[in-house]
Amino acid sequence: MFGKICISPSILSADFLHLEDEIRAILEAGADWVHYDVMDGHFVPNITVGIPILKQLRRATTAPLDVHLMISNPLEQLPWFLSCEPDYVTVHWETLGEGRQEEEAQQIVDLIHAAGAKAGVSLKPDTPTGVLDSTLGLWDMILVMSVFPGFSGQSYIPESAERVRSVVASCIEQQCSPLIQVDGGIDAQTAPLVSAFGADVLVAGNAVFKADSYKDAIEAIRSCATQAQAQN
Ligand code: DX5
Ligand code: ZN
């Protein structure tokens, strides 16, 4: 929340045949974290990468690995992902058991913390931000999705900025200050819209990996977002 802007490029838009080179290139270009999108073909329609590649990535870099789990039953799968030593693990609120969300949230956070990682929770664009009110203080990071999860290269949903504002307002009310991450359609034009309201971790797939210069793309997002933050 209003911390130093952190850019986390999503490897979903990278060249998977040269993943190690791609990771090196974004880090040399100034990326702060590496965003790793896991999709199971069930919670979201797409299927992406899982545990074996994450394990290899961990060996390839010491940069913070930011794992975004778009999978059903995250509690079942968590031990596998945690064994890969990620730095951040984010689960989706919508995947928690109906009526057992608070209990499962606590279990998830405890498991992630016991493994030495930080815990995030994510909301799809149509999930009311108020669902987080009862567990807000538990999480190290709140991820406000600015597209429907499933694919890279989608357009930013304009209502997302208002959703960031509402999450930040609840955090201030509850006196907690998790990182606020936004993911989906983020580029130098859209980043300032959410950073103005407190988003400090910006995920960008296409805006970085499809750019001619990773460095220029990352710098543009960072400087536009930092300026927007400073004006508010
Ligand atoms: C979407 C993924 C995002 C996505 C971002 O479901 O969680 O991380 O890859 O890609 P862009 O920035 O291209 O929308
Ligand atoms: Zn993501």
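In this predicted model, a backbone N or O atom of Gly185 lies 2.9 Å from an oxygen atom of ligand 1. The protein covers 99% of the 380 Å² of accessible area that ligand 1 has on its own. Ligand 1 sits in the largest pocket.

**Contacts with ligand 1**
- Asn206 also takes part through its backbone, where a polar atom is 2.9 Å from an oxygen atom of ligand 1.
- His68 takes part through its side chain, with a polar atom that lies 3.3 Å from an oxygen atom of ligand 1.

**The shell around ligand 1**
- Ligand 1 is surrounded by 20 residues.
- The closest of these residues are Asp37, Gly150, Gly153, Asp183 and Gly205.
- Sorted by class, the shell contains ten polar, eight nonpolar and two charged residues.

**Strands that supply the shell**
- Three strands each supply at least two residues of the shell: E2 (34-39), E3 (65-70) and E8 (201-204).
- Strand E2 gives the most to the shell around ligand 1, namely three residues.

**Aromatic pairs**
- The count of aromatic pairs in the model comes to two.
- One of these pairs is formed by Trp33 and Tyr88, and this pair is stacked.
- A pair of aromatic rings is described by the distance of the centres and the angle of the planes.
- For Trp33 and Tyr88, the centres are 4.2 Å apart and the angle between the planes is 25°; planes under 30 degrees apart count as stacked.
- Trp33 lies in the loop between helix H1 (19-28) and strand E2, whereas Tyr88 lies in strand E4 (residues 88-92), so the pair ties together parts that are 55 residues apart in sequence.

Conventions. Residues are numbered from 1 along each chain as its sequence is written. Chains are lettered from A and ligands numbered from 1 in the order in which they are written. This is a predicted model: local features need pLDDT of at least 70, side-chain atom pairs count only at pLDDT 80 or more; totals for chains, interfaces and linings use all residues. Side-chain values use heavy atoms; hydrogens and water are left out. A residue is near a molecule or strand if one of its heavy atoms lies within 4 Å of it. A polar contact is a pair of N or O atoms within 3.5 Å; within protein, one must be able to donate a hydrogen and the other to accept it, and residues adjacent in sequence count only if both atoms are side-chain atoms. Accessible areas come from the Shrake-Rupley method with a 1.4 Å probe; for residues, only the protein chains shown count as cover. On a 1 Å grid over the protein atoms alone, a cavity is a set of points where a 1.4 Å probe fits but cannot get out, and a pocket is an open set with protein on both sides within 12 Å along at least five of seven lines; lining residues have an atom within 4 Å of a point. A molecule sits in a cavity or pocket if more than half of its atoms lie within 2 Å of its grid points. Helices (H or I, at least four residues) and strands (E, at least two) are DSSP runs, numbered from the N terminus. Ala, Val, Leu, Ile, Met, Phe, Trp, Tyr, Cys and Pro count as nonpolar, Asp, Glu, Lys and Arg as charged, and the others, Gly among them, as polar. Rings of Phe, Tyr and Trp (its six-membered ring) pair if their centres lie within 6.5 Å; planes under 30 degrees apart count as stacked, over 60 as edge-to-face and the rest as tilted.
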